[in-house]
Amino acid sequence: MRTPSLRSRLLRGLAAGTAVATLATGLSACGGNSDAVAPSDSKPSGTVTVGALSNGAAKETDLKVSEVKSISAKLPKSIAREGKLVVGVGALPTGSVPLNFVGDDQKTLTGVEPDFGRLVAAVLGLKPELKNSTWENLFLGIDSGKVDVAFSNVTDTEERKKKYEFATYRQDNLGFEVPKKSTWNFDGDYKNLAGKTVSVSRGTNQEKVLLEWKAKLKKAGKDLTVKYYPDNNSVYLALNSGKIDTHFGPNPSIAYHTTHTANTPNATRSAGKFSGAGAKLQGLIAATSKKDSGLAEPVAEAINYLIKHGQYANWLAAWNLSNEAVKTSQVNPPGLPLDNS
């Protein structure tokens, strides 16, 4: 999330470089595009495994999901004829845990986003074919028709709707992380930050938001101390030693770190979230396809099927991201406005 403004942050998304931890092996050796290896085919038909090969970032879970013919019947004929769904993931060069990264077998693309692409493909009765690329080439792939749909932490914005259509599936959130023993919670109110010391990364959307809150608190005669550290190791050393009260960062990265430290003396927890689009609009992450491709509607229906039948909740739970759930998938809902996107 190391981007200069709310506009660029939401245009590029977390995949551009928000990771708490990245895996240099495997992904970093690739070029601008690659065909990602799929999970093992040893599972019985009608089973999709989420959280596989995650090196502890997720709880591996087998989910039962098969084609729903009333939904797959709405697919564009060209895709139905091919029998596969080409899923774009912008994880090169290094990936971003827990969103998209190379698994511990050093070849399989795993993560929140690839897993969900596989689940949606199963409902549509299609074989998922993952195309891994850089963030920039992800959109070029959609434009050229080499990628059918992207599952890559893409935020719904009005600017993007000029070229793409969306089916939403996850909230776009920032979050607060505290030591597990801490009793403090954000509770959706910046006033609860009064008197606290908070770390944040420079040049990010969350820094912009935090400094705005600091200014508001100052006007009210209250103090908020903002601290900066050169890397994540320094942030967590400060958090564990009590030099800061909380860290403000991308919610998925916090979800990963809380999972990673759960059984250690330095365990942490989430202390609340805040929309990446600001107080007036809940940011949404969406499956992204070419405008007028005819894919957004069946993809949204597939997502809503997964929501209704529980696989969606189990997928999020496996990756410790239940706090980013949506109640329903929407096709092209209001996104970040043109004057702020």
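Predicted model: local features only at pLDDT ≥ 70, side-chain atom pairs only at ≥ 80, totals over all residues.
I started with R118, which counts as buried because its relative accessibility is 6%; buried means under 20% relative accessible area, exposed over 50%, and partly exposed in between, with a 1.4 Å probe and protein chains only.

Residues are numbered from 1 along each chain as its sequence is written, and side-chain values use heavy atoms, with hydrogens and water left out.

I found R118 in helix α4. Helices here are DSSP runs of H or I with at least four residues, strands are E runs of at least two, and both are numbered from the N terminus. I then looked at what the R118 side chain reaches, and got the backbone oxygen of L109 at 2.7 Å. That sits inside the polar-contact rule: a pair of N or O atoms within 3.5 Å, where within protein one must be able to donate a hydrogen and the other to accept it, and residues adjacent in sequence count only if both atoms are side-chain atoms.

R118 also forms a salt bridge with D115, with the closest N and O atoms 3.2 Å apart. The rule I used asks for a side-chain nitrogen of Lys or Arg within 4 Å of a carboxyl oxygen of Asp or Glu. The two are three residues apart in α4, so about one helical turn separates R118 and D115. D115 is buried too, at a relative accessible area of 1%.

**Other salt bridges**

I got a count of twelve salt bridges by this rule. E159 pairs with K162 at 3.3 Å between the closest N and O atoms; E159 is partly exposed at 31%, and K162 is exposed at 52%.

R170 and E324 form another, at 2.5 Å. This pair links distant parts of the chain, with R170 in strand β9 and E324 in the segment after α10, 154 residues apart. Both R170 and E324 are buried. I also noted that K84, E129 and K131 are joined into one network by salt bridges that share partners.

**Helix α10**

Which residues of α10 (311-318) are buried? I listed Q311, Y312, W315, L316 and A318. They lie on the same side of α10, because they cover an arc of only 160 degrees around the axis, taken from the directions from the helix axis to the C-beta atoms. Their cover includes α4 (112-123) and β9 (164-171), with contact meaning heavy atoms within 4.5 Å. Last, I checked N320, which follows α10 and has a positive phi, near 60 degrees.
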